[in-house]
Every structure is written in C-alpha cells, then in structure tokens.
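These are my notebook entries on one structure. I looked up a few points in turn and wrote down what I found.

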Amino acid sequence: MPGPLTLGQIASRLGGRVAGNAETLVAQVGSLEHATAQQITFFSDPKLKAKLTATRAGAVIVDAAGEGMTALPRIVCDEPYVYFARVSQLFNPTVRQAPGVHPTAVVAAGAQLGARVSVGPGCVVGEGVRIGDDSCLYPRVVVYPGCTLGARVVVHAGVVIGSDGFGIANDAGRWVKIPQIGGVRIGDDVEIGANCTIDRGALQDTVIEEGVKLDNLIQVGHNVRIGAHTAIAACTGIAGSTDIGRHCMIGGAAMIGGHLKIVDRVVISGGTAVPSSILKPGTYTALFPIEEKSAWARTAVLVRRLAGLAERVKALEGKDKNG
Amino acid sequence: MPGPLTLGQIASRLGGRVAGNAETLVAQVGSLEHATAQQITFFSDPKLKAKLTATRAGAVIVDAAGEGMTALPRIVCDEPYVYFARVSQLFNPTVRQAPGVHPTAVVAAGAQLGARVSVGPGCVVGEGVRIGDDSCLYPRVVVYPGCTLGARVVVHAGVVIGSDGFGIANDAGRWVKIPQIGGVRIGDDVEIGANCTIDRGALQDTVIEEGVKLDNLIQVGHNVRIGAHTAIAACTGIAGSTDIGRHCMIGGAAMIGGHLKIVDRVVISGGTAVPSSILKPGTYTALFPIEEKSAWARTAVLVRRLAGLAERVKALEGKDKNG
Amino acid sequence: MPGPLTLGQIASRLGGRVAGNAETLVAQVGSLEHATAQQITFFSDPKLKAKLTATRAGAVIVDAAGEGMTALPRIVCDEPYVYFARVSQLFNPTVRQAPGVHPTAVVAAGAQLGARVSVGPGCVVGEGVRIGDDSCLYPRVVVYPGCTLGARVVVHAGVVIGSDGFGIANDAGRWVKIPQIGGVRIGDDVEIGANCTIDRGALQDTVIEEGVKLDNLIQVGHNVRIGAHTAIAACTGIAGSTDIGRHCMIGGAAMIGGHLKIVDRVVISGGTAVPSSILKPGTYTALFPIEEKSAWARTAVLVRRLAGLAERVKALEGKDKNG
C-alpha cells in the first residue's frame with residue numbers, strides 16, 4: 001500500500017481545489033461513519049449532513065454545495081463520488097492475481113493470451129479463445145472454445161462464458177437441439193461478476209460491448225447485445241436475442257424478456273420484469289410496494305375483482321344518465 | 001465440418017420436398033438477416049416476410065404457406081424450425097469434449113461411467129455416482145455422491161448436482177439440520193445449463209425425467225420432480241417438493257413455490273411467481289406491463305387505495321337504491 | 001450407518017415420552033407416505049391425518065395433539081419436526097468430506113485453517129483467509145483473500161466468497177471502479193448453498209452472523225449484514241449495504257433492495273420484491289395470485305386504467321352531491 005499523501009498532493013494528481021490545511025495527511029479512504037483521522041471520506045448527499053457533522057475523518061471530498069457545510073480540510077470538486085473512487089484507486093492500486101497462467105488452469109493449445117493476462121487456479125480456457133492484454137480471470141472461470149475477450153477485462157470466479165444457448169425446437173413433444181454455432185465477443189474494460197453465465201450465440205455472436213459492468217449471478221442469453229458502458233446489477237436475467245442500448249442502468253433481479261429492443265440511456269428498476277421493448281429513454285418500473293401480508297391479500301383480491309368494480313361504475317353512470 | 005450438400009441430398013436424408021433447383025449447394029445454416037448465398041435459412045413467421053424478401057440466403061426452408069412467398073430454391077416441410085434444427089445438426093455435428101476423464105477431474109473410485117462418457121477439466125464426481133453412455137460433463141461440474149445420470153445427458157459448466165436440500169427445523173430460534181439422505185435421478189437426454197443447482201432429496205430422490213431441458217442458473221429444490229420433456233428457461237427457481245408435469249414450458253425467472261402440483265402441458269410466462277398449484281393445462285401469468293416510473297407510481301398508489309374506491313362505489317350504489 | 005435403535009433408546013437420548021411398545025426397533029427415518037416398518041416418521045400437520053392413517057411406518061413422532069390419532073408405537077414430544085431432525089441425525093451422522101486439504105485444492109501459504117477443516121477438490125482459498133474448526137468447503141469453493149469463516153461452517157460446491165462488490169462511479173458516462181477493500185466475515189454454524197455469491201465489502205466488511213442458513217444461488221451484496229439465525233431460501237438477491245435482522249425468514253427468489261433496514265423476526269414471502277425498509281416484525285408480501293393468461297391480461301389492463309376509474313367515481317360522487 002502506498003504511503004500517506006497530503007490533500008495538496010492528491011489535488012495535484014487528480015484536480016480539484018483544497019480548502020483548509022493542504023498539508024493534511026491521509027493514508028486511506030473511509031466512509032462518513034467509520035473513517036478515522038488518517039482517512040479521507042466524501043460527502044455528496046445533503047440527507048447525510050448529520051453524518052458529515054459527526055464524522056471523525058481527517059478530510060472530506062465535497063462539491064461546491066458542500067464546501068460550507070464542514071470545517072474539515074476538504075477537496076472541492078464537481079463529482080465527489082467519482083473523485084473518491086479515484087482517491088481510493090491511489091491508495092489501493094489494484095492487486096489482482098499475478099499475471100500468468102496458474103499451473104492448475106487448463107488452457108487449450110490454440111488459445112491466444114495477450115500480455116500480462118492472468119488466468120487463475122482452476123480456470124478452463126477453450127480452443128481458439130482470444131484474451132486481450134491485462135485481462136484477469138479469477139479462479140474457476142470457464143471460457144468455452146471460440147470466444148473472445150478484449151483488453152483489461154476482469155472476470156470473477158465461477159463465471160461461464162460461451163455455454164450453449166437455449167436453442168431447442170419442439171418436434172411433436174420432443175426437443176431437438178439447435179447447434180449453437182455463434183460465439184461470445186466481449187469488449188475492452190468489461191467486468192463480469194461471480195457465477196455469471198453468458199451463452200454463445202445460436203448463429204451470430206453474443207456481444208458485450210466495451211465498458212459494460214455486470215454484477216454477480218447474471219444470465220445473458222444467446223445473441224443478446226449489451227451496449228457500451230451499460231451497468232447491470234446482480235441476479236438479472238436477459239433472455240435471448242434482446243438488444244440493450246448503451247449507457248443503460250438495470251437494477252438487480254430485473255427479468256428482461258427475449259427479442260426485445262431497449263434503447264440507449266434506459267434505467268430499469270430492480271426486481272422489474274420487462275416483457276416488451278422500451279423505445280424511449282427514461283426510468284421504468286413495474287414494482288408494487290411491499291405490504292404486510294393481510295393488507296396485501298385484501299389488495300390482491302380487489303385487483304382480481306377490478307372487472308366487477310368497473311362494471312358497477314358503468315352501471316352507476318348509466319343510471320345517472322338515464323335517471 | 002462436413003462439406004456442402006444439395007437441397008436434394010438434404011431432402012433425401014431429412015424428408016420434405018424441394019421446390020426450385022434441387023442442385024443448389026449449401027454448406028451452413030444462417031438467419032434470414034445474415035445468411036449468405038452458401039447458406040440455408042428458414043421462414044415460418046409471416047411477420048418476417050420483409051426479411052424473407054430481403055434475404056441473401058442461397059435457399060430457404062418453408063412450410064406450405066410460405067412456399068409461394070419466395071422464388072429462392074426451397075425445401076417445403078411441415079415444421080420449418082424443427083427441419084432447420086436438423087439441417088444445422090447435419091452441418092454442425094455435435095463437437096463435445098472428447099470422451100474420457102480429463103486428468104484434472106476427480107472421479108471417485110466407486111463411480112460408474114458408461115461408454116464414451118466425457119468428464120471435463122475440473123469436474124468432481126462423487127462416490128457411487130452412475131452416469132449413462134454418451135453423457136458429457138463440461139468443465140467444473142460437481143456431482144455429489146450417490147446421484148445417477150442417464151444416457152446422453154449434457155451438463156454445462158459450473159453445474160452442481162446433489163448438494164444438500166434446504167432442510168432445517170427451527171428449535172427455539174436455532175436451526176437444526178435435517179440430513180438430506182435422498183439422491184438425484186436424472187433421465188436420458190436431459191440437458192442442464194451452466195451454473196444450475198439441483199439439490200438431493202431429503203428422504204426420497206429429486207427426479208428430472210427424460211428429455212427435460214434446463215437453461216442456465218436454475219435452482220431445483222429437494223424432492224422436486226420435473227416431468228419428461230419439460231423445458232425451463234434461465235434463472236427459474238423451483239422450491240422443494242413441487243411436482244411439475246410433462247411437456248410443460250416455463251419462462252425465464254419464474255419463481256415456483258414449494259409443495260405445489262403443476263399438471264402436464266402447462267405454460268408459465270417468464271418472470272411469473274407461482275404461489276399455488278396449477279391443475280389445468282393452459283398458459284399462466286401474473287406479470288404487469290412495465291411503465292414509465294411516474295405513471296407506475298400513480299398506478300401503484302391507486303392499487304393500494306382500491307379498498308377505498310370499492311367502498312365509495314358501494315356507497316354510490318346504496319344512494320342510488322335509496323335515492 | 002449406525003444400527004437400529006428401540007424407541008426407548010431414542011427417547012433416552014433425545015427426550016420425549018414413548019407411547020406403545022418401547023421395544024419397537026427402527027433403523028432409519030422416512031416420510032409418512034414412503035416409510036417402511038423399519039422406519040420412524042413424524043406427524044405434526046392435522047391436514048395430513050389421512051396419510052397418518054395410511055402410513056406403513058413402524059413408529060411415529062407426534063405431539064400431544066397427535067398422540068391419540070394413531071395406534072402405532074410413538075414418541076410424544078413438543079416439536080415433532082425438530083425431534084425428527086434429531087432422530088435423522090442419529091441414523092445419518094454427517095458424512096462430510098474427510099478432513100484435510102484435497103491435493104487438487106489451492107490454499108495460499110498464509111491461509112489459516114482450523115482443526116479438522118475439510119477443503120474439497122478444486123477449492124481455491126486465498127491469502128490471509130481464516131477458517132474455523134470443523135468447517136467444510138465442498139468442491140470448487142472460492143474464498144478470495146482476507147475473508148474469515150467461523151467454526152462448523154458448511155459451504156456447498158461452487159460458492160464464491162469475497163468477490164468484488166459492485167462499486168462503480170459514473171464519470172461522464174464511463175464507469176470508474178471503486179476498490180473493494182472490505183472483506184467478508186462469516187460466523188459459526190453458517191451453511192451456504194451451492195453457487196451462492198457473497199461479495200466483499202467496499203470499505204467495511206460484509207457480515208453473515210452465526211447460525212445463518214443460505215439456500216442455493218443467493219447473492220449477498222457488499223456491506224450487507226445478515227443477522228444471526230436468519231434463513232434465506234434459494235435465488236434471493238440482497239443488494240448492497242442492506243441490514244437484515246436476526247431470526248428472519250426470507251422466501252425464495254426474494255429481491256431485496258440496497259441500503260435498507262429489515263428488523264429482527266421479519267418474514268418475507270417468496271418471489272417478493274422489497275424496495276423499502278421493514279421496521280416492524282411481521283409477514284410481508286407483494287405477490288399477485290397467478291391467473292390464466294387471458295384473465296390476467298384483462299386484469300392488467302384494468303389496473304392501468306385505475307386512474308380513469310377513480311376519476312369516474314369522483315364524477316359520480318360530485319353529481320350525487322349536486323344532484
């Protein structure tokens with residue numbers, strides 16, 4: 001771990017303006033609640049003002065609006081959370097696995113690994129796979145034959161890339177398998193969370209564009225495309241052939257149907273099922289607020305009786321007109 | 001990859017009738033959009049007629065209704081999609097892992113493997129496991145002791161078969177484990193997608209009958225039975241002791257409760273929670289259409305106020321009667 | 001497997017009172033439906049009385065209410081299901097993997113394993129990991145560096161502990177990674193189901209307290225705390241920084257949002273999305289009953305037209321007042 005830095009040194013590397021004592025030394029990042037005098041924290045949400053007042057951090061990253069809310073030494077910048085991320089990167093330079101192929105990994109003779117690629121214990125990399133420079137496969141990642149990963153791709157433990165898509169045709173009650181002859185193409189700077197599954201395409205490739213970030217336990221069906229810089233939270237499933245745009249944000253446990261089109265800059269709430277295309281940027285949801293069980297049971301019954309209620313209102317309107 | 005075939009050769013192997021030049025050579029399958037002159041595609045959905053008109057495929061598989069919609073050389077058959085699957089199998093004979101046990105796999109001395117079974121790198125096969133002829137375990141599959149797999153079973157990477165079911169009894173706030181002494185029985189021709197988990201039974205076995213197809217990241221609880229030739233899409237969870245019939249189709253991210261009975265030939269929409277048994281064949285759903293967030297918030301509030309609305313209608317009806 | 005025991009012997013070890021022939025020998029547990037004359041079953045649900053009448057079990061565990069419902073030799077106790085669990089443990093002493101590190105596992109030099117710890121084939125245990133006495137890692141578990149597991153922890157195959165949390169900050173459309181410098185702390189007597197993923201904390205640790213039981217394919221986000229003796233069924237996702245109390249029970253495929261507080265003794269129905277905190281013990285749900293598709297489509301349309309319906313009722317009320 002790098003040594004401590006003064007606020008002045010940090011600002012000279014990352015930009016921003018120091019207010020208060022620029023010689024203040026910090027050695028690590030911390031949260032408003034838990035940071036110590038040797039740590040720097042950040043503040044960007046006015047709702048947390050009480051925590052800012054109470055923090056024992058040695059310094060704080062704020063935006064212009066927050067500058068006057070604390071007497072602590074501070075760095076003033078436009079995006080405190082992004083700035084905090086960069087400070088944390090200074091103090092915590094990525095310590096991934098060492099480059100090279102672990103002796104327990106199985107890499108096919110015809111696979112092509114770029115410079116400084118790290119392949120962790122228990123990984124299996126199939127024939128014809130190509131992996132770009134500085135990429136890292138944590139333990140027990142499986143990449144089926146013929147898939148390609150870009151540079152600086154990070155794949156967490158247990159991920160499966162290139163398994164067969166779910167392509168079956170029903171022949172009088174029996175399922176006939178459709179060979180999945182496409183591959184998977186993953187762009188630069190993609191990160192994929194633990195135990196995700198990304199199927200190979202049926203005919204063309206499944207595509208994950210550059211800068212996409214996937215959380216854990218996400219399923220990406222065959223021939224899906226995920227546009228650049230889209231982020232998807234854990235437990236989401238994306239059914240086959242769906243095309244998701246760039247710069248989307250998809251909440252956890254979203255359930256996205258197949259053969260849909262979702263345009264750029266769409267935000268989908270966690271836990272939301274998406275049965276149809278979304279052709280306009282915006283924030284979408286279909287989530288009911290949770291209720292105590294008995295209250296909910298009453299609501300659910302009323303929802304199922306809505307047709308009756310509508311009929312009764314119509315009848316009243318009719319009487320009203322005729323009465 | 002096998003060499004090219006004429007339409008006449010294909011029809012002589014798979015049936016169907018050639019219309020147009022039966023000497024047309026094709027060497028691979030492709031989609032309506034991407035197929036080249038050396039490829040054969042299929043057409044079965046009238047909504048895609050514009051794509052049929054625009055296709056650059058060398059030939060097309062159609063049904064009688066589609067025969068007149070194109071001048072391309074074509075094979076006419078009853079089920080173009082099934083026929084397409086079979087043509088693809090001709091051009092892409094399954095290239096699974098080579099038969100045999102990979103040196104990095106760990107197979108217990110008492111496990112019984114049938115003829116030509118393939119056990120991939122990193123697999124772990126426990127004591128007393130039996131696997132039928134021609135089955136294939138892709139890398140990193142774990143089969144706990146005492147489970148049985150039929151013939152021609154395909155298990156994709158990362159699958160866990162036979163882990164303990166979730167059997168716990170609450171003893172004054174502490175959980176007491178109920179030993180899971182059943183096993184898992186998997187029939188012939190089953191395919192299981194990447195990172196699925198299939199728990200062993202508590203007392204009797206968990207059973208997956210012949211011809212079942214499971215997509216990725218599916219959870220099968222203890223003592224579940226999945227009837228023959230049922231297909232289940234990714235991210236679905238099936239809680240313990242539920243009995244699912246034959247020839248069912250279950251959409252992705254379905255959430256199926258425990259101790260339920262679902263009869264044969266039931267179709268369940270993706271993203272649907274199933275809290276009670278389904279005793280009649282049909283198509284079932286409980287999915288709301290997605291909405292833009294502000295519209296949805298209004299809807300959700302109104303749903304919670306339904307009881308009040310119903311009361312008001314009742315009051316109006318009372319006045320109407322008495323007025 | 002231990003030999004048969006008389007009911008008297010069982011009661012002398014586990015408590016309870018024998019009614020009928022205390023010399024009755026049983027050698028295994030079984031269900032009401034499948035138990036044979038050499039097996040003991042349990043009865044606690046009056047709805048299953050017909051099954052009790054029909055059972056071929058040699059003996060049955062009942063509570064006081066059930067004592068008079070059968071003439072079979074029986075053990076009378078307060079909690080038949082818990083008692084059954086303990087009898088099953090007598091006949092099925094846990095046969096986990098043998099203690100020790102399997103030769104195909106990769107354990108970092110600096111990891112500390114307690115007495116009798118079992119590390120199965122293909123496991124990867126990182127630098128600085130500590131694992132308490134008698135814990136068991138089934139095959140292919142990955143524990144990232146710096147995580148700690150208590151005593152008697154059972155981790156099923158394919159689990160990933162300590163992968164990076166989903167911490168990213170958006171810098172003008174590009175995602176900047178926030179180093180995840182917290183760890184994971186898992187208490188004594190925790191059991192974790194197959195293919196679960198448990199992320200390390202961003203700044204502080206992710207914490208799973210003693211006695212927690214997790215089913216399969218569960219995602220635990222960074223900085224989550226799960227209180228002692230809480231049980232969570234399969235396919236549930238818990239987003240980052242959420243604090244779940246002690247003695248909660250969470251149904252399968254629940255979707256729990258981030259930064260929430262759920263107090264002790266909360267029960268959440270399976271398939272339920274939880275978008276807000278739950279500050280009062282109780283049972284919560286947000287699940288609609290499933291319907292046949294055409295009926296549901298009508299319901300869904302009516303729900304979206306609720307605003308219109310409410311307007312019409314208001315209009316009628318206005319006329320009523322003015323009329």
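**Entry 1. Strands across the boundary between chains**

How many bridges join strand S36 of chain B to S37(C), and do the strands run parallel or antiparallel? I found 2 bridges between strand S36 (residues 282-285) of chain B and S37(C), and the two strands run antiparallel. I noted that the model is a predicted one. Looking for a residue pair, I saw that B:Thr285 has C:Glu291 in S37(C) as its bridge partner.

I then turned to chains A and B. S36(A) pairs with strand S37 (residues 291-292) of chain B in the antiparallel sense, over 2 bridges. Here A:Thr285 stands opposite B:Glu291 in S37(B).

**Entry 2. The contact of chain C with chain B**

I looked up how many residues take part. Chain C gives 57 residues to the contact and chain B gives 54 residues. On the side of chain C that touches chain B, at least two residues each come from helix H4 (80-91), strand S37 (291-292), helix H5 (293-304) and helix H6 (306-322) of chain C. H6(C) supplies the largest share of that side, with 7 residues. Sorted by class, the residues of this side are 26 nonpolar, 20 polar and 11 charged.

**Entry 3. The contact of chain A with chain B**

I repeated the search for the other pair of chains. In this contact, 54 residues of chain A meet 57 residues of chain B. Several elements of chain A each supply at least two residues of the side that touches chain B, among them strand S18 (160-163), strand S19 (168-171), strand S36 (282-285) and helix H5 (293-304). The largest share of that side, 5 residues, comes from H6(A). I recorded 28 nonpolar, 17 polar and 9 charged residues on the side of chain A that touches chain B.

**Entry 4. How the copies are related**

By what turn can chain C be laid on chain B? The turn is 120 degrees, with a shift of 0.0 Å along the axis and an RMSD of 0.0 Å. The two copies are therefore related as by a three-fold rotation axis. I also superposed chain A on chain B: a rotation of 120 degrees with 0.0 Å of shift along its axis does this, at an RMSD of 0.0 Å.

Why do I write that the copies meet through different surfaces? Only 18% of the interface residues of chain C are also interface residues in chain B, so chains C and B use different surfaces. For chain A the figure is 19%: only that part of its interface residues are also interface residues in chain B, so these copies too meet through different surfaces.

**Entry 5. Domains and sheets**

I looked up the domain assignment of chain A. It gives domain 1 (5-91), domain 2 (100-284) and domain 3 (293-322). Between the C-alpha centres of domain 1 of chain A and domain 2 of chain A I noted 36 Å.

In chain A I followed an open sheet of 8 strands with parallel pairing, in the order S10-S13-S16-S21-S24-S27-S30-S33. Its edge strands are strand S10 (112-113) and strand S33 (261-262) of chain A, each of which pairs on one side only. Within chain A, strand S13 (residues 130-131) and strand S16 (residues 148-149) run parallel and are joined by 2 bridges. A:Ile131 stands opposite A:Leu149 in S16(A).

In chain B I followed an open sheet of 9 strands, in the order S9-S12-S15-S18-S23-S26-S29-S32-S35, and its pairing is parallel. The edge strands, each pairing on one side only, are strand S9 (106-107) and strand S35 (273-274) of chain B.

**Entry 6. Inside the structure**

The largest nonpolar core has 233 residues, and those with the most contacts inside it include B:Val141 and B:Ile161. Apart from neighbours within four places in sequence, B:Val141 is in contact with B:Cys123, B:Val155, B:Ala157 and B:Val159.

Last, I looked up A:Ala233. A:Ala233 lies in the loop between strand S28 (231-232) and strand S29 (237-238) of chain A. Is A:Ala233 buried or exposed? A:Ala233 has 26 C-beta neighbours inside 10 Å, so I count A:Ala233 as buried; the cut-off is 20 or more. Not counting residues up to four places away in sequence, A:Ala233 touches residues including A:Asp215, A:Ile250, C:Phe166 and C:Ala239.

Methods
Residues are numbered from 1 along each chain as its sequence is written. Chains are lettered from A and ligands numbered from 1 in the order in which they are written. This is a predicted model: local features need pLDDT of at least 70, side-chain atom pairs count only at pLDDT 80 or more; totals for chains, interfaces and linings use all residues. Copies are superposed by least squares on the C-alpha atoms of residues with pLDDT of at least 70 in both. Two residues are in contact if their C-beta atoms, placed from the backbone, lie within 7 Å. Domain bounds come from an automatic or database domain assignment. Helices (H or I, at least four residues) and strands (E, at least two) are DSSP runs, numbered from the N terminus. Ala, Val, Leu, Ile, Met, Phe, Trp, Tyr, Cys and Pro count as nonpolar, Asp, Glu, Lys and Arg as charged, and the others, Gly among them, as polar. Two strands pair if DSSP finds at least two bridges between them. A nonpolar core is a set of buried Ala, Val, Leu, Ile, Met, Phe, Trp, Tyr and Cys residues joined through C-beta atoms within 7 Å. A residue is buried if 20 or more other C-beta atoms lie within 10 Å of its own, exposed if 12 or fewer, and partly exposed in between; C-beta atoms are placed from the backbone.
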